[in-house]
Amino acid sequence: MSRRFRHIILSFVLATWFLSGCDNTPVIEVQSKTDPYKENMINANKNIAGAEDTQIKSYIDRRGWKMTQLSNGEWIEVTKPGKGPKISYEDSVSVSYRLEALNGAVFYENQEETFVVGRHQTTVGLDRAVMEFQHGTEARVVLPSSLAYGIVGDGDRVPGRAVLIYYLKVK
């Protein structure tokens with residue numbers, strides 16, 4: 001046998017042997033669709049939100065308030081209806097308020113704030129809640145921490161994870 005012929009046969013045998021060990025089944029790596037850390041954080045946030053919701057409902061019931069929960073999670077009760085036009089997105093609004101926690105700790109008293117609704121220049125929950133009111137309305141607004149200052153607080157007086165109660169007057 002010629003050297004060239006042996007080389008061709010050897011190459012054919014090796015190629016056949018190599019390819020026979022391979023099947024055409026694609027290799028699929030099974031990966032978790034969710035990151036375990038992310039899943040734990042989601043569950044922790046759900047637990048915190050559930051506990052806060054229970055605390056808020058209990059607080060409202062003990063005081064006999066007739067509050068309505070909005071679809072976003074804010075609780076509102078009009079204590080004195082306004083006579084002006086209803087507030088809407090992009091309106092400039094001025095409010096005065098007293099801000100306290102469920103335990104009665106007062107964070108701010110006689111605060112004045114002016115902001116444009118929808119631009120999130122204040123807490124997300126207050127920004128959304130004022131669109132339920134007319135100018136001149138006085139109301140109570142209860143915000144879960146996720147709609148207030150979240151886990152970090154306001155960096156001044158409001159601690160992290162604080163449920164807030166606004167005693168609010170919309171001007």
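Two strands count as paired if DSSP finds at least two bridges between them. By that rule β3 (residues 92-101) and β4 are paired, since eight bridges join them in the antiparallel sense. This is a predicted model. The protein chain has three helices and six strands. The strands form an open sheet with antiparallel pairing.

**Overall make-up**

- Reading from the N terminus, the elements run α-α-β-β-β-β-α-β-β.
- The protein chain has 171 residues, and 35% of them count as buried.
- The accessible surface of the chain is about 11400 Å². Carbon and sulfur atoms hold 54% of that surface.
- Take the contacts between residues at least 6 apart in sequence: 62% of these join residues at least 24 apart.

**The sheet and its edges**

- Across the sheet, the strand order is β1-β2-β5-β6-β3-β4.
- β1 (68-69) and β4 stand at the edges. Each has a single partner strand, so one side of each has no neighbour in the sheet.
- As background, strands of a sheet pair through backbone hydrogen bonds, in a parallel or an antiparallel way.

- On the β4 side, Ser 92 stands opposite Val 116. Further along, Leu 99 faces Tyr 108 in β4.
- β3 and β4 form a hairpin with four residues between the strands. In this hairpin, Gly 104 has a positive phi near 95°.
- β3 also pairs with β6, antiparallel, over seven bridges. Within that pairing, Arg 98 has Tyr 167 of β6 as its bridge partner.

**Strand β6 and its partners**

- Five of the seven residues of β6 are buried, so β6 too is largely enclosed by the rest of the structure.
- β5 pairs with β6 over six bridges, again in the antiparallel sense.
- Arg 140 stands opposite Tyr 167 in β6. Tyr 167 is also the bridge partner of Arg 98.

- Lys 171 sits in the segment after β6.
- Its relative accessible area is 42%, so Lys 171 counts as partly exposed.
- Leaving aside residues up to four places away in sequence, Lys 171 touches Val 93, Ser 94, Ser 96, Glu 112, His 135 and Gly 136.
- Lys 171 and Glu 138 are 33 residues apart along the chain. Their C-alpha atoms are separated by 9.0 Å.

- Most residues other than glycine have a negative phi.
- Asn 110 has a positive phi, near 55°. This residue lies in strand β4 (residues 106-116).
- The cut-off for exposed is over 50% relative accessible area. Asn 110 has 68% relative accessibility, so it counts as exposed.
- Arg 161 has a positive phi as well, near 60°. This arginine is in the loop between β5 (138-143) and β6 (164-170).
- The relative accessible area of Arg 161 is 46%, so this residue is partly exposed.

**The largest pocket**

- The largest pocket has a volume of about 220 Å³.
- Fifteen residues line this pocket, and those closest to its centre are Asn 45, Ile 48, Ala 49, Glu 52 and Ser 146.
- Helix α2 (residues 36-63) gives the most to the lining, with six residues.
- By type, the lining holds six nonpolar, six polar and three charged residues.

Terms used. Residues are numbered from 1 along each chain as its sequence is written. This is a predicted model: local features need pLDDT of at least 70, side-chain atom pairs count only at pLDDT 80 or more; totals for chains, interfaces and linings use all residues. Side-chain values use heavy atoms; hydrogens and water are left out. On a 1 Å grid over the protein atoms alone, a cavity is a set of points where a 1.4 Å probe fits but cannot get out, and a pocket is an open set with protein on both sides within 12 Å along at least five of seven lines; lining residues have an atom within 4 Å of a point. Grid points are joined across faces, edges and corners, and a volume is the space filled by probe spheres set on the points. Helices (H or I, at least four residues) and strands (E, at least two) are DSSP runs, numbered from the N terminus. Ala, Val, Leu, Ile, Met, Phe, Trp, Tyr, Cys and Pro count as nonpolar, Asp, Glu, Lys and Arg as charged, and the others, Gly among them, as polar. Buried means under 20% relative accessible area, exposed over 50%, partly exposed in between (1.4 Å probe, protein chains only). Contact means heavy atoms within 4.5 Å. Accessible areas come from the Shrake-Rupley method with a 1.4 Å probe; for residues, only the protein chains shown count as cover.
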